[in-house]
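Please examine the sequence and the model shown here before reading on.

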Amino acid sequence: MKEVVLSGIRSTGNLHLGNYFGALKNFVRMQDDYDCRFFIADLHALTTTPDPKLLHANVKNILAEYLAAGLNPEHATIFVQSDVPEISELYLLLNMHVGIGELMRTVSFKDKARKMLGISGGESDDDIEKQIIGTDSNKRVNAGLLTYPTLMAVDILIQKAHKVPVGKDQEQHLEMTRRFARRFNAFYGTDLFVEPTNFNFGSAPVKVPGLDGSGKMGKSEGNCLYLIDDEKTLRKKVMRAVTDEGPKVPNSPVSPTVENLFTLMELTSTPDTVQHFRDAYADCSIRYGDLKKQLAEDILKITLPIRERILEYQNDDALIARVVKQGAERARHYAAQTLAEAREVMGIKKFY
Ligand code: ADP
Ligand code: TRP
């Protein structure tokens, strides 16, 4: 029996190179060797209350992007979270064993709550807690956001996944999932839930930098190179990347902004090309314009074919419907089994 792999991406916008190298590329590599189940986390997207029209359009975009990047619905189960109502029921049940204290201490919760309350930083955790339980209803932090880790744990536990390929930022959520599984199993004296681990082919989790010198590429950072960017847009973004004045003496250390360009180049260009520019940096002959042109070229080699397929799949409603229907059926099959087992051990039984 193949091990079960599960992962998902929230439907909050188009996928960028961070999502691609941090998650999606691994998904594609794993689909033949594992029992893979990949989904769109639309219920998780609701925790930041998106416009309903945008939510649906984004689910469709990401489905098209999954397929365009090479996920094959014949090999992997591809589904939408909200198509599996068993997840919502188990989420309610598991919440009975999750403490509000541990949820409030989650880093992602504190970050997002800060944003919702319009707090810029500096405040202690105590101050944030006071504001959260305060009564100003305009600045509500919704309970869905607090229980985000329970929902994520249920996504994983309901499929009995062994491996969960995610970026570094999700490690705390995964650790909580393991804790919830252990706690539930111990409380009911069962081995129902499997404790999952992160997975990325043995290498350290990738962090794709932004080109604005600000660290991580991310949707909320506004510094993304999107898979769906057209040629002109992408070239323009790369040519505008922040650099420095250039090396003045041989073998100077590389500044963080320029290192970001090299990091992207290492992900997208051949080793010879990277070496050529590293050497040029070392002997001070480097011209950043040339490096950026080459980088844009090599990124486009990866993204343009994907972009073409995205545009094609986005317009193929019949294909998308077929993929998610088949995916939902498979995902529900496993989810219903786990849910029935959980109800049973918890003592929820029918009289009729
Ligand atoms: P974003 O940070 O843009 O909102 P998500 O939180 O939806 O992206 O992330 C979806 C997946 O992509 C996660 O597995 C996450 O770890 C990965 N990911 C996102 N940004 C990056 C990045 N810059 N580098 C590596 N992985 C990333
Ligand atoms: N929290 C993840 C993110 O922001 C998305 C996610 C939801 C997920 N449920 C999951 C990832 C289950 C892996 C497994 O990227």
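The paragraphs below treat the pockets and the ligands in turn.

The model is predicted, so that local features need pLDDT of at least 70 and side-chain atom pairs count only at pLDDT 80 or more, while totals for chains, interfaces and linings use all residues. Residues are numbered from 1 along each chain as its sequence is written, chains are lettered from A and ligands numbered from 1 in the order in which they are written, and side-chain values use heavy atoms, with hydrogens and water left out.

The largest pocket holds about 1,400 Å³ of space. A pocket is found on a 1 Å grid over the protein atoms alone, as an open set of points where a 1.4 Å probe fits, with protein on both sides within 12 Å along at least five of seven lines; its lining residues have an atom within 4 Å of a point. A volume is the space filled by probe spheres set on the points, which are joined across faces, edges and corners. There are 49 lining residues in the largest pocket, and Arg10, Lys112, Asp169, Gln170 and Lys216 are the closest to its centre. The helix H6 (107–117) provides the largest share of this lining, 6 residues; helices (H or I, at least four residues) and strands (E, at least two) are DSSP runs, numbered from the N terminus. By class, the lining comprises 19 nonpolar, 18 polar and 12 charged residues. Here Ala, Val, Leu, Ile, Met, Phe, Trp, Tyr, Cys and Pro count as nonpolar, Asp, Glu, Lys and Arg as charged, and the others, Gly among them, as polar.

Which space does ligand 1 take? Ligand 1 sits in the largest pocket, a molecule being placed there if more than half of its atoms lie within 2 Å of the grid points. The shell around ligand 1 has 17 residues, of which His16, Asp169, Val208, Met217 and Lys219 are the closest; a residue is near a molecule if one of its heavy atoms lies within 4 Å of it. Helix H1 gives the most to this shell, with 4 residues. Polar contacts are pairs of N or O atoms within 3.5 Å. Another oxygen contact of ligand 1 involves a backbone N or O atom of Gly167, at 2.9 Å. On its own, ligand 1 has 540 Å² of accessible area, of which the protein covers 93%; such areas come from the Shrake-Rupley method with a 1.4 Å probe.

Ligand 2 also takes space in the largest pocket. Its shell has 13 residues, and His44, Tyr148, Met152, Asp155 and Gln170 come nearest. Helix H9 (148–158) supplies the largest share of this shell, 4 residues. A nitrogen atom of ligand 2 is 2.7 Å from a polar side-chain atom of Asp155, and a nitrogen atom of ligand 2 lies 2.9 Å from a side-chain N or O atom of Gln170. The protein covers 91% of the 370 Å² of accessible area that ligand 2 has on its own.

The second largest pocket contains about 240 Å³ of space. Among its 13 lining residues, Met1, Val4, Arg37, Lys160 and Tyr334 lie nearest its centre. Strand S2 and helix H15 (317–346) each give two or more residues to this lining, and H15 contributes the largest share, 4 residues.

Note on methods:
Polar contact = N/O pair within 3.5 Å; in protein donor to acceptor, adjacent residues only side chain to side chain.
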